[in-house]
Amino acid sequence: MDQTQSGAISPSPDLLERQLAAILSAWGMPAGHVAIAAGKMVASDLRGIDSHGVAMMPLYDSFRRSDRINVTPDIRIVAETPATALIDADGALGHIPAERAMRLAIDKARAVGMGSVAVRDSNHFGAAGLYALMAAEAGLIGLATTSTWLPTIVPTFGAEAMFGTNPIAFAAPAGRNPPFVLDMATSTVAGGKVKLAILHKKPIPEGWAVDANGQPVTDPVQANDHRAFTPLGGNRLMGSHKGYGLAAMVEILSTMLPGAIYAATRAARRPEATRWDIGHFFLALDPAAFRAEDDFGDDVDDMIDALRAVRPADAGQPVLVAGDPEQAAIAERMAGGIPMPADLVAQVRALCDGCGAPFLLGEAGADG
């Protein structure tokens, strides 16, 4: 584990996973659930998606303490057909029912060519791309979407937040190339990146967020406090109506389809609700139901190779394909550890102190 005088550290993926598991176990989470949640968070950090990994733990702890998260849920299938299913997560941390839902969608796709599974009464599930990637790693096309507990996207021409960052993730298997993995918020930026800017004490780019009067802000603390992010595109001239429409599409799939709570109308329609009741949607599609599986992979390879071969506008920056930055981050962080700023390290230590878990990140001579 690399440590600097500033207090920032870079623990190995194994050490970080053990630290997360120790905290989740101290919370009373069953061992099988601990393994899924800790594994998914470390996988997010390994891919460079720092906003959805260990940095989420303080928020998860606040949800747990306010009974928003049920650490011992009874996750169950409440409706099912050969190609579809609905899962009730019973307030679980979202990683656990999301993992189960995509595995079920994969099984159904293998059996009948397509599987779609929706989840209700869940919580934040981390990086959406991890679930779409599960399907791609099984040789299938995968899609994952989720709603959120807090409206943060201001609709085009509006002055009030009405959707969460409502991510869409899509993954497709290739042949000789790593899978194509698109993982994007329908806001111009994910809210977690604003929190990371606070941790790193850096300003945010103009166009990410607006103030109460709809004016751009660059102070991450102000942006996080007001939480009014622009739809993908930033403004109408740059296509924010498209990001607004995509956010609504994700809400329909993730919330209205499984019967979860639409955060923007929670106070009016579900004032008695004690949980966030976040919804997710997962789709797995078997290319072999349409054509020879090898032919599909070959064609995806051909597209990826052609895109990477495009003459770049800047000789120092080659054209990338969705998933390339994450593959680079994995290689770098497997070798050098997962960077954690000092403030985040202090937050993890405080979590350990609060629940009686050992603070493993401070082990002398720890691996990393």
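Mentor: Helix α3 (residues 57-65) packs against helix α12 (residues 342-355) at an angle of about 30°, and their axes are 10 Å apart. Helices here are DSSP runs of H or I with at least four residues, strands are runs of E with at least two, and both are numbered from the N terminus. The axes are lines fitted to C-alpha atoms, for helices over the stretch in contact, and the angles run from 0 to 180 degrees between N-to-C directions. Angles under 35 degrees count as roughly parallel, over 145 as roughly antiparallel, 65 to 115 as roughly perpendicular and the rest as oblique. α3 and α12 are therefore roughly parallel to each other.

The model is predicted: local features need pLDDT of at least 70, side-chain atom pairs count only at pLDDT 80 or more, and totals for chains, interfaces and linings use all residues. Residues are numbered from 1 along each chain as its sequence is written, and side-chain values use heavy atoms, with hydrogens and water left out.

On the α3 side, the contact (heavy atoms within 4.5 Å) is made by Met 57, Pro 58, Asp 61 and Arg 65, and on the α12 side by Gln 347, Leu 351 and Gly 354. These residues divide into three nonpolar, two polar and two charged. In that division Ala, Val, Leu, Ile, Met, Phe, Trp, Tyr, Cys and Pro count as nonpolar, Asp, Glu, Lys and Arg as charged, and the others, Gly among them, as polar.

Met 57 is also among the residues with the most contacts inside the largest nonpolar core, which has 72 residues; Met 340 and Val 348 are also among them. Such a core is a set of buried Ala, Val, Leu, Ile, Met, Phe, Trp, Tyr and Cys residues joined through side-chain atoms within 4.5 Å. Buried means under 20% relative accessible area, exposed over 50%, and partly exposed in between (1.4 Å probe, protein chains only). Helix α4 (residues 95-112) gives the most to this core, with eight residues. Leaving aside neighbours within four places in sequence, Met 340 is in contact with residues including Ala 8, Val 54, Val 348 and Leu 361.

For comparison, helix α2 (residues 31-46) packs on α4 at an angle of about 90°, with axes 9 Å apart. α2 and α4 are therefore roughly perpendicular to each other. That contact involves His 33, Ile 36, Ala 37, Lys 40 and Met 41 of α2 with His 95, Ile 96 and Glu 99 of α4.
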